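Here is a short briefing on one protein chain. Please look over the sequence and the model before reading on.

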Amino acid sequence: EMCIRDSQYTLYLRKKYNESRRLAMKNINNAMACSDDYLMVARSIMKLSNSKESNAECLEYLNKADETSKITNVNICKMKILLLLRENKQADAVHLLHEYQDMLNAMYQQPHTQEDAQWIAGEHTWAEKLLDRTYIM
């Protein structure tokens, strides 16, 4: 299930967070949203703000992305981990980091390209480093 909108993602990568959020919200408001739209809104909110309210809003969009996703989406899980760490919820983040690693292992068991294998290895390294840092905190 890949429905990421190229224009949204391009804007996001160019740090035009309000604009990428606006495009995603257009799909959501027109009842044409896929999980990537909700994920894009959550990503944009996280880039633009860090308050109790914005974090709660971000979690709502991540949960909606989870609900609408037809597959297990590691990107949603990763964003939830970052949100938990932002809110100093280390124990919950550690639990989700282990789930994230399980998801990566499941992905690795599926047929994949060399590029995918490198990405999965990189994500495992990220998760391991984060677990080491989180256990120290």
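In what order do the elements of the chain run from the N terminus on? They run α-α-α-α-α-α-α. The model is a predicted one.

**Whole chain**
- The chain has seven helices and zero strands.
- It holds 137 residues, and buried residues make up 42% of them.
- Take the contacts between residues at least 6 apart in sequence: 58% of these join residues at least 24 apart.

**Helices α4 and α5**
- Two packed helices are described by the angle between their axes and the distance between the axes.
- Helix α4 spans residues 52–68, and helix α5 spans residues 74–86.
- Their packing angle is about 160°, and their axes lie 10 Å apart.
- Angles over 145 degrees count as roughly antiparallel, so α4 and α5 are roughly antiparallel to each other.
- The crossing of α4 and α5 is left-handed.
- On the α4 side, the contact is made by Asn-55, Cys-58, Leu-59, Leu-62, Asn-63, Ala-65 and Asp-66.
- On the α5 side, Ile-76, Met-79, Lys-80, Leu-83 and Arg-86 make the contact.
- By class, the residues of this contact divide into seven nonpolar, two polar and three charged.

**Asn-55**
- Asn-55 is found in helix α4 and is one of the residues that make the contact with α5.
- Is Asn-55 buried or exposed? Its relative accessible area is 4%; buried means under 20%, so Asn-55 is buried.
- Which side chain makes a polar contact with the side chain of Asn-55? The partner is Arg-86, at 3.2 Å.
- Arg-86 is also one of the α5 residues in the helix contact.
- Leaving out residues up to four places away in sequence, Asn-55 touches Asn-50, Leu-83, Arg-86 and Glu-87.

**Leu-97**
- Leu-97 is found in helix α6, which covers residues 90–109.
- The relative accessibility of Leu-97 is 0%, so Leu-97 counts as buried.
- Leu-97 touches Ile-81, Trp-126, Ala-127, Leu-130 and Leu-131, again leaving out residues up to four places away in sequence.
- How many residues apart in sequence are Leu-97 and Glu-128? They are 31 residues apart, yet 8.6 Å apart in space, C-alpha to C-alpha.

Notes. Residues are numbered from 1 along each chain as its sequence is written. This is a predicted model: local features need pLDDT of at least 70, side-chain atom pairs count only at pLDDT 80 or more; totals for chains, interfaces and linings use all residues. Side-chain values use heavy atoms; hydrogens and water are left out. Axes are lines fitted to C-alpha atoms, for helices over the stretch in contact, and angles run from 0 to 180 degrees between N-to-C directions. Helices (H or I, at least four residues) and strands (E, at least two) are DSSP runs, numbered from the N terminus. Angles under 35 degrees count as roughly parallel, over 145 as roughly antiparallel, 65 to 115 as roughly perpendicular and the rest as oblique. A crossing is left-handed if the near helix is turned anticlockwise from the far one by less than a right angle, and right-handed if clockwise. Contact means heavy atoms within 4.5 Å. Ala, Val, Leu, Ile, Met, Phe, Trp, Tyr, Cys and Pro count as nonpolar, Asp, Glu, Lys and Arg as charged, and the others, Gly among them, as polar. Buried means under 20% relative accessible area, exposed over 50%, partly exposed in between (1.4 Å probe, protein chains only). A polar contact is a pair of N or O atoms within 3.5 Å; within protein, one must be able to donate a hydrogen and the other to accept it, and residues adjacent in sequence count only if both atoms are side-chain atoms.
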